[in-house]
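This briefing is meant for a reader meeting the structure for the first time. Please keep the sequence and the model in view while going through the points that follow.

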Amino acid sequence: MNGSVPIFSAVFKAAGEPALATVARLNVLELGRLVPDVLVCDLDDVGVDPLELLRQIRFVLPDCLIAVYTGVVERKWGRACHLAGANCLLAKSSDEGRLSDGLRSAMLSGSYTDPRFAA
């Protein structure tokens, strides 16, 4: 997600979550020590099974709002991410406003799926 840090700084601020820490590689043990309230994960190129990684993150962070930021907007992928533990699905093709709205919605309701996944 390093290439997305500038946009997510603005997205987090607009969603009402001003604190932003960046982790270059998803390390489940390190995330367990950080205990974030909100986590945005780019699972598109993680080099391991992304759904298993998501399951591990959910296990270590049971109370965290986990958002998956992805370029794959297929219904099957979205459903699999939700079943693996994601609360929120954000499409990489969304603009900053839609990302902020989606993250804010997930923070308020506990769940959000970008409408692009329904197509």
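Two strands are said to pair if DSSP finds at least two bridges between them. In this predicted model, an open sheet of four strands is found, with parallel pairing and the order β1-β2-β3-β4. At its edges lie β1 (38-41) and β4, each of which pairs on one side only.

**Strand β3 and its neighbours**
- Strand β2 (residues 65-70) runs parallel to β3 and is joined to it by four bridges, and the bridge partner of Y69 in β3 is L90.
- On the way from β2 to β3 the chain passes through helix α4 (residues 75-84), and this β-α-β crossover is right-handed.
- Strand β4 (residues 112-113) also runs parallel to β3, joined by two bridges, and here L89 has T113 in β4 as its bridge partner.
- From β3 the chain crosses through helix α5 (residues 96-109) to β4, and this β-α-β crossover is left-handed.

**Side chains of β3**
- In a regular strand the side chains alternate between the two faces of the sheet.
- Within strand β3 (residues 88-91), C88 and L90 point one way while L89 and A91 point the other way, and all of these residues are buried.

- Helix α5 lies across β1, β2, β3 and β4, and it runs at about 180 degrees to β3.

Conventions: Residues numbered from 1 in each chain as written. Predicted model: local features only at pLDDT ≥ 70, side-chain atom pairs only at ≥ 80, totals over all residues. Heavy atoms only, no water. Buried < 20%, exposed > 50% of the residue type's maximum accessible area, 1.4 Å probe, protein only. Right-handed = clockwise from strand over helix to strand, strands pointing away. Contact = heavy atoms within 4.5 Å. Axes fitted to C-alpha atoms, helices over the stretch in contact; angles between N-to-C directions.
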